[in-house]
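I opened my notebook today to look around one protein chain, step by step. Here is what I looked up, in the order I wrote it down.

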Amino acid sequence: MKLTKRVVDGAQPGGKDVILWDDELRGFGLRIKPAGTKSYIVQYRDESRRTRRLTIGRSTLFTPEQARKEATRLLASVALGANPAQDKRVAKEPPLQLPTVADAAARYLRDYAEIRKKPRSIAEDKRLLERHILPVLGPFAVADITEDDVMALHHELRNTPTQANRTRALLSTILNLCEQWRWRPLGSNPCRLVPAYTEQARDRYLSGKELELLGRAIREAEADGEPWQGLLAVRLLLLTGARVGEILSARWGDVDLQRGVLRLRDSKTGPRPVLLPPAAVALLQQAPRGDSPWVIPGRQGKHMLSLQSQWRRLQRRVDAIQDRLEAEGTLKRRDRVSLAGVRVHDLRHAFASVGAGVGLSLPVLGGLLGHGLASTTERYAHLALDPLRAASDKVAGHIAAVLDGEPEAEVLEFRR
């Protein structure tokens with residue numbers, strides 16, 4: 001029958017849904033619910049031949065002719081390949097939430113950093129994220145981050161080039177992982193297009209005079225009864241070239257005094273041995289043992305966490321020693337030195353510089369320092385040339401004297 005106002009008004013409900021189909025427009029009908037609610041519907045088959053049914057609206061809102069016009073429009077769109085029932089369902093769904101940089105950072109820490117990195121590195125990553133990356137890029141979708149965004153973040157930190165480069169490197173790592181997670185297209189990391197800033201080398205090497213004054217300051221501090229833990233740590237840093245954290249976290253159970261080795265359970269480059277020269281072995285033999293498992297014990301049963309306060313006291317002692325020498329007339333003001341810009345970490349550089357100066361090769365020096373990459377040791381390459389230069393000068397000077405006919409020159413025969 002044709003759906004008219006009289007037919008619609010006279011339609012009666014049943015025990016289940018009753019559908020009256022219009023005989024003029026195929027697929028157009030009226031559905032009556034058991035409760036008496038009447039709605040116009042349209043029914044069709046989609047491209048997969050699946051039957052779809054779409055509600056146009058209630059009979060109280062549409063006249064039969066208005067509903068017929070809407071049904072005609074919908075069925076015409078179906079003939080053109082549309083699927084109005086599917087489109088309506090999708091329109092009702094909440095919009096897809098694209099993962100943000102904050103989401104990526106959380107997943108990076110949980111699924112990558114916590115598994116592969118050491119606690120200190122994780123703490124540094126969190127600091128960079130919370131201080132620099134998330135306040136600027138956190139709310140943005142990962143897929144929308146562009147080269148301009150990275151460039152602006154990098155440029156904002158231009159006054160601290162090292163921080164800028166570390167921030168860029170961390171963001172690059174996270175975006176590379178986003179490509180693996182299919183959160184960004186492969187090969188789309190914009191960080192690769194942002195060049196790093198040139199960093200100023202912070203390596204500081206102690207001169208012979210500075211090392212001598214530091215030794216005197218340590219002896220005076222020991223004689224004055226300062227806490228032995230920090231002073232022992234400073235001596236061990238100078239004698240072994242180990243990292244600060246490696247010495248502070250050393251356990252007596254890992255020390256083999258007979259073989260002269262400290263077997264680190266973990267370090268920046270993984271487990272490794274630190275060789276203990278006779279001077280270091282003698283220090284450890286004399287060190288108080290007590291009940292603590294730590295070589296450098298701290299408070300509350302933990303190892304010592306920092307040497308900063310001890311180091312500042314030694315720096316002040318060096319200045320005081322020079323004040324006395326200057327007052328005695330044995331030191332001129334122009335010959336004073338300052339350890340104000342020297343960090344505790346630079347004691348490791350002091351060990352390396354002396355090693356390079358006595359002719360150790362870079363591979364040997366890298367092994368002593370526990371470097372994972374040969375490129376890390378190359379910073380000492382210019383120091384390693386010093387003994388070669390001295391030898392070269394000695395040989396060339398002798399040859400020059402012979403060529404110039406100097407009487408004191410001695411001609412030596414080359415031996416096989």
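**Entry 1: ground rules.** I took helices (H or I, at least four residues) and strands (E, at least two) as DSSP runs, numbered from the N terminus. The model is predicted, so I kept to pLDDT of at least 70 for local features and 80 or more for side-chain atom pairs, while totals for chains, interfaces and linings use all residues. Residues are numbered from 1 along each chain as its sequence is written, and side-chain values use heavy atoms, with hydrogens and water left out.

**Entry 2: the whole chain.** I found 16 helices and seven strands in the chain. Next I looked up burial, where buried means under 20% relative accessible area, exposed over 50%, and partly exposed in between (1.4 Å probe, protein chains only). Of the 416 residues, 38% count as buried. For contacts (heavy atoms within 4.5 Å), I looked at pairs with a separation of 6 or more, and residues 24 or more positions apart account for 57% of these.

Entry 3: On a 1 Å grid over the protein atoms alone, a cavity is a set of points where a 1.4 Å probe fits but cannot get out, and lining residues have an atom within 4 Å of a point. Grid points are joined across faces, edges and corners, and a volume is the space filled by probe spheres set on the points. I counted two cavities of 30 Å³ or more by this rule.

Which helix gives the most to the lining of the second largest cavity? My note says α7, with four residues. Both α6 and α7 (161-180) supply at least two residues of this lining. I listed V150, L153, H154, A164, T167, R168 and L171 around a space of about 30 Å³. To sort them, I counted Ala, Val, Leu, Ile, Met, Phe, Trp, Tyr, Cys and Pro as nonpolar, Asp, Glu, Lys and Arg as charged, and the others, Gly among them, as polar. That gives four nonpolar, two polar and one charged residues in this lining.

**Entry 4: the largest cavity.** I read off about 60 Å³ of space here. The lining is made by L236, I247, A250, V255, L262, L276, L284 and V295. By class, I have eight nonpolar, no polar and no charged residues.

Entry 5: V255 stands opposite L262 in β6. Strand β5 (residues 255-256) pairs with β6 in the antiparallel sense over two bridges. The two form a hairpin with four residues between them, and G260 in the turn has a positive phi of about 65°. On to strand β7 (residues 272-275): four bridges join it to β6, again antiparallel, and R263 stands opposite P273.

**Entry 6: around β3.** Six of the eight residues of strand β3 (residues 38-45) are buried, so this strand is largely enclosed by the rest of the structure. Strand β2 (residues 28-32) joins β3 through five bridges and runs antiparallel to it, with G29 and I41 as bridge partners. Their hairpin has five residues between the strands, and G36 in the turn has a positive phi of about 105°. Seven bridges then join β3 to strand β4 (residues 51-58), also antiparallel, and V42 stands opposite L54. In the turn of the β3-β4 hairpin, R49 has a positive phi of about 70°.

**Entry 7: the cores.** A nonpolar core is a set of buried Ala, Val, Leu, Ile, Met, Phe, Trp, Tyr and Cys residues joined through side-chain atoms within 4.5 Å. The largest one has 44 residues, and L214, I296, L314 and L347 touch the most other members. I noted α9 as the element that gives the most, with seven residues. Apart from this core lies another of 24 residues, among them A105, I133, I145 and V150.

Technical notes
Pairing = 2+ DSSP bridges. 1 Å grid on protein atoms, 1.4 Å probe; cavity = no way out; pocket = protein on both sides within 12 Å on 5 of 7 lines; lining within 4 Å.
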